[in-house]
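Subject: A structure for you to look at

Hello,

Here is the structure I promised to pass on. Please open it beside this email and follow along.

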Amino acid sequence: MNYKILTKFIKNLFFNIENQKEFTQLSKNIRNYKINLDIKSKQVEKKIIEIEISLYLEEKETGKILTKLIYSTVIELINLEIRRELLEKIILIEIPEKVYEDMRKIFIFLFQSSGFKDVKIDQNVDFRKLYESRKIQ
């Protein structure tokens with residue numbers, strides 16, 4: 001293993017339903033929203049990298065974000081001579097695969113606790129496939 005996870009935490013959480021009308025519209029028109037993922041990383045110290053994975057619900061037409069969860073994972077690199085391609089795979093595939101289920105559970109809990117009973121979020125995301133499609137573009 002080229003890294004170890006030091007910590008994982010909810011870095012930011014945004015959940016906004018302004019009123020009952022918005023709640024009702026969301027309940028009726030949930031198909032007009034899409035779930036998106038975004039991954040960012042930054043070097044904190046020489047061997048320490050913070051990886052932020054955002055999971056958010058966005059209105060398809062307007063791009064308005066209704067809910068956003070930013071989940072942070074801090075890793076320590078064991079081998080500083082790690083190749084760039086391997087580091088990209090750790091950041092864009094391995095870490096997201098390790099934390100996605102926790103993020104999914106938090107996201108579902110928020111919606112179910114807010115009165116939405118049938119929230120559907122993919123149980124699995126193929127981060128390797130997303131990584132490969134990113135390389136092609």
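Let me start with a question: is E52 buried or exposed? E52 is buried, with a relative accessible area of 18%; buried means under 20%, exposed over 50%, and partly exposed in between, using a 1.4 Å probe and protein chains only.

Two notes on reading the model. It is a predicted model, where local features need pLDDT of at least 70 and side-chain atom pairs count only at pLDDT 80 or more, while totals for chains, interfaces and linings use all residues. Residues are numbered from 1 along each chain as its sequence is written, and side-chain values use heavy atoms, with hydrogens and water left out.

Now the salt bridges. Side chains of opposite charge can pair when their charged atoms come close. The rule used here asks for a side-chain nitrogen of Lys or Arg within 4 Å of a carboxyl oxygen of Asp or Glu, and the count comes to 10 salt bridges.

One of them joins E52 to K11, with the closest N and O atoms 2.5 Å apart. E52 sits in strand β3 (residues 48–59) and K11 in strand β1 (residues 3–15), so this pair ties together parts that are 41 residues apart in sequence. (Helices, H or I of at least four residues, and strands, E of at least two, are DSSP runs numbered from the N terminus.) K11 is partly exposed, at 36% relative accessibility. Both residues also belong to a network of salt bridges that links K11, K42, E50 and E52.

Helix α2 (residues 84–113) has its own pairs. E85 and K89 are four residues apart there, about one helical turn, and their side chains meet in a salt bridge at 3.6 Å, N to O. E101 and R104, three residues apart in helix α2, form another with the closest N and O atoms 3.8 Å apart. Of these two, E101 is partly exposed at 28%, whereas R104 is buried at 14%.

Finally, have a look at the largest pocket. A pocket is an open set of points on a 1 Å grid over the protein atoms alone, where a 1.4 Å probe fits, with protein on both sides within 12 Å along at least five of seven lines; lining residues have an atom within 4 Å of a point. The largest pocket holds about 380 Å³ of space, a volume filled by probe spheres set on the points, which are joined across faces, edges and corners. Its lining has 14 residues, with I39, I91, L92, Y131 and R134 nearest the centre. β2 (33–43), α2 and α3 (127–136) each give two or more residues to that lining.

Enjoy exploring!
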